[in-house]
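Here are some friendly notes to read with the structure open beside you. They begin with one term and then go through the fold, some helices, the cores and a loop.

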Amino acid sequence: MNSNFYKILQQSKANQSIIAIYNDAGGDNFWAGYILDFNEEYFTMQHISKYGHKDGILMEPFFKINRIDVDDYCKCLNYLKEHYHELDEEKNIQLTATSEENWMTQILNELNDETDYVTRIQLNNDSRFSGFIRNVTEDDFELKCVGTEGTDEGSLYFKIDDISSIRVNDLEARRRHLLYNYRRSIDFFDE
């Protein structure tokens, strides 16, 4: 057994620290969780969902391990594992329903400069973006984008007419918001 792999598996088992085990050398097919046990032939892992919840136990042959990741995604997943209860708590948000022709502008104005939750928008071409609504005008607005792992992805500007739907504070948005705040609260890569 590779000694670096052994050390990583042993540390994951001892500390319940999350690792990502890739089973295809060049791809992105992986299992994420912490090791329950292992030997020269196979390993068992407590799988952790992308929302930090336990999601069953995997038993796989050791030869399927092509590489192991312990960095960015794993740090985020460890944080979610410890704070998953915060994802389950949905804030009560009141948005005004109106029959006005400019209802989308009204909703965007209610969301303008709100940083207590993330808004997800879908455009008419089915593209989706998440972040904080800012600088709403009659015709357009700015979205300070938040990536899937809570990364600050800069700002994009959209025409209001191009929006087909808005989601506010759903589970995926809460996940992004929690990770965004986590990244901002620490020097993420110096942990």
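1. A term to start with: a residue is called buried when its relative accessible area is under 20%, and exposed when that area is over 50%. With that in hand, look at α2, where Tyr73, Cys74, Lys75, Cys76, Leu77, Asn78, Tyr79, Leu80, Lys81, His83 and Leu87 are buried. Please keep in mind that this is a predicted model.

2. Now the whole chain. The protein contains 4 helices and 10 strands, and reading along the sequence gives the pattern α-β-β-β-β-β-α-α-β-β-β-β-β-α. Buried residues account for 43% of the 191 residues. Taking contacts between residues at least 6 apart in sequence, 51% link residues at least 24 apart.

3. What are the overall dimensions? The C-alpha trace spans about 65 × 30 × 30 Å along its principal axes. The radius of gyration is 20 Å, whereas a compact globule of 191 residues would have one near 16 Å.

4. Helix α1 covers residues 3-15, and its 13 residues reach 18 Å from first C-alpha to last, close to the 18 Å expected at 1.5 Å a residue. Which residues of α1 are buried? They are Phe5, Leu9 and Ser12. These residues lie on the same side of α1 because they cover an arc of only 60 degrees around the axis. On the other side of α1, you will find Lys7, Ala14 and Asn15 exposed. The cover over the buried residues of α1 includes β1, β2 and β5. Just after the helix, Gln16 adopts a positive phi of about 55 degrees.

5. Where does α2 bend? The bend is at Glu82 and amounts to about 70 degrees. The buried residues of α2 pack against β1, β2, β3 (42-48), β5 and α4.

6. Next, the interior. In soluble globular proteins, nonpolar side chains tend to be buried together. Here the largest nonpolar core has 16 residues, and Ile18, Leu77, Leu80 and Leu179 touch the most other members. At least two residues of this core come from each of β1 (19-22), β2 (30-38), α2 (72-88) and α4 (171-185). The largest share, 7 residues, is supplied by α2.

7. Leaving aside residues up to four places away in sequence, Leu77 touches Ile18, Ala32, Ile48, Ser49, Lys50 and Gly52. Apart from the core described above lies another one, of 15 residues, which includes Leu108, Leu111, Ile121 and Phe158.

8. Last, a residue in a loop. Phe63 sits between β4 (54-61) and β5 (67-69). Is Phe63 buried or exposed? Phe63 counts as exposed because its relative accessibility is 68%, and the cut-off for exposed is over 50%. The C-alpha atom of Phe63 is 7.4 Å from that of Glu41, although the two residues are 22 residues apart along the chain.

Notes. Residues are numbered from 1 along each chain as its sequence is written. This is a predicted model: local features need pLDDT of at least 70, side-chain atom pairs count only at pLDDT 80 or more; totals for chains, interfaces and linings use all residues. Side-chain values use heavy atoms; hydrogens and water are left out. A nonpolar core is a set of buried Ala, Val, Leu, Ile, Met, Phe, Trp, Tyr and Cys residues joined through side-chain atoms within 4.5 Å. Buried means under 20% relative accessible area, exposed over 50%, partly exposed in between (1.4 Å probe, protein chains only). Contact means heavy atoms within 4.5 Å. The expected span of a helix is 1.5 Å times one less than its number of residues. The arc is that of the directions from the helix axis to the C-beta atoms. The bend at a residue is the angle between axes fitted to the seven residues ending there and the seven starting there. The radius of gyration is taken over C-alpha atoms; the globule rule is 2.2 Å times the number of residues to the power 0.38.
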